[in-house]
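Subject: Structure for you to look at

Hi there,

Here is the structure I promised to pass on. Have it open beside this email while you read, and take your time with it.

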Amino acid sequence: MAQTYTPGTRVFSTACTTEMIVVRAPEEAVVVTIGGAPVRAAAGDPEVSPADGYDGGSLLGKRYVNQADTIELLCTRAGDGAAAVDGELLVVKDAAPLPASD
Amino acid sequence: MPLLSQRRTEVAERQLAGVSGWGELTAGFLLTGPERPGLDPARRSPYQSANQHCELIRATDEWVAAQLARPVDHQAVPAVAGLLGVDLGAVDPWPAPAWEPLRELVRRRDAAAVVGALRTLGVAAAVVGEAAEWPHVVRASGVGPAGASGPVVDLSALWAGPLAAKLIGIATGAEVVDVESTRRLDPMRLDSGQLGHWLHDGRGLELFDHRSAEELQRLRGIVGRAAVVVTAGRRRALSSLGLDPEALVSATGAVWVHLSGYGLRSPLADAAAFGDDAAAAAGLVDWVGDEPRFVADAVADPLAGVAAARAAVELIEEKRGGLLDVSLAGVAAAAARGEIVSGG
């Protein structure tokens, strides 16, 4: 179901172990899925298996964004499902460049 | 900038003593000498680190050191506020340097909660002094066959790792080769300042693309022929390159020096860290009344680089291989207590 998200909101997969945190989100309501299944607001056992096409997995510490760059999710727990927004698979944001100094 | 106290400088001096070729180096040079470009004391507040990327902020109970070094760190602050349930009112748009909202939300929550939220978002942060009691974590494990021969292969970047590689090269006379991903070049090597030159001049350079499986195989070949490998970062960075320190050490007898903020095996192994916040975690700060101040510049970096190199040289002299898991926080905590760190 479409809903609006605010930064800092945690989302949990219903299809795998993946957990993510919303870094940025659009003002409009969107449908966030992981493994092709709608996310929930609390951790729990998987209810379904990741759907075909949404089973590419999520990697700990990676930031995922859509093509329009309006939403960004940070993976805080890895899993077999991949995140999508309104059906569009998210892609890994390029690794953060090193700062100019430590 | 505030210098290290006399006692702490002496600890660093003793750490350097007794290794061949290191006699001309002094703790003063390593800790404060090679002034880095862009460090302008006039432009920073007493709470900022020398590079202005890290700041000491008082939470409701204790002090926090938070590092906003990269654009992604500034972009993470709204989510940190959300995670902590702090409503900062209508902050729209969020300021690109997010220091002011960060200070505001740190002041409203306890230090442990703030640091937990920052770490969840991948931001380097620490409660001042939280790692003060940590033991030395320069520890040899996975000791293999008699020491390997070959170059010192340096996959690390910035300061602590390249310093360790430099010192090992001076002590052993071995060739040092920088190995970097074309997509993640070392800004310090590219820097034209005195420190970048001192660290990297005279080294070989091998570039690879970490997104190519073929290139990663070539990388593992380079690493497999090394006498000493120097890496830095969290475990998952090694795994993503297909690098397995324990396996290499048992296979070839290489010395593998790994530097990270909090070690490969501690409860904080997944936390990001840089030299100033790791020093703050270790309690290696100066107190002015009830307020902490950073000492020197990213001071956990040079301390850890020297400690790691010293432990590596000890192993090499004994013709032993091993993995040295060196944490910036552990070494800085030992230095704050006045202890010498070695491979032991």
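Which residue in β2(A) is the bridge partner of Phe12(A)? It is Glu19(A). Please keep in mind throughout that this is a predicted model.

β1(A) and β2(A), the latter made of residues 19-24, pair in the antiparallel sense, with three bridges between them. They belong to an open sheet of five strands in chain A, whose order is β1-β2-β6-β5-β9. The pairing in this sheet is antiparallel. At its edges you will find β1 (10-12) and β9 (91-92) of chain A, each of which pairs on one side only.

Now for chain B. Its secondary structure comes to 14 helices and twelve strands. The chain has 344 residues, and 51% of them are buried. If you take the contacts in chain B with a separation of 6 or more, 76% are between residues 24 or more positions apart.

The two chains also touch each other: 29 residues of chain B are in contact with 19 residues of chain A. On the chain B side, the largest share comes from helix α3 (residues 71-84), which supplies nine residues.

Next, have a look at helix α4 of chain B, residues 99-107, where Pro101(B), Leu102(B), Leu105(B) and Val106(B) are buried. Why are they on the same side of α4(B)? Because they cover an arc of only 135° around the axis. Among the elements that cover these buried residues are β1 (54-58), β2 (63-67), α3 and α5 (111-120) of chain B.

Finally, there is one residue I would like you to find yourself: Asp277(B), in helix α12 (residues 275-281) of chain B. Is Asp277(B) buried or exposed? It counts as buried because 35 other C-beta atoms lie within 10 Å, while the cut-off for being buried is 20 or more. Leaving aside residues up to four places away in sequence, Asp277(B) touches Cys54(B), Ala65(B), Gln67(B), Ala124(B), Ala125(B) and Ala126(B). Take Cys54(B) from that list: Asp277(B) and Cys54(B) are 223 residues apart in sequence, yet their C-alpha atoms are 6.9 Å apart in space.

Happy exploring, and do write back with any questions!

Best wishes

Methods: Residues numbered from 1 in each chain as written. Chains lettered and ligands numbered in written order. Predicted model: local features only at pLDDT ≥ 70, side-chain atom pairs only at ≥ 80, totals over all residues. Contact = placed C-beta atoms within 7 Å. Helix = DSSP H or I, 4+ residues; strand = E, 2+ residues; numbered from the N terminus. Buried ≥ 20, exposed ≤ 12 C-beta atoms within 10 Å, placed from the backbone. Pairing = 2+ DSSP bridges. Arc of directions from axis to C-beta.
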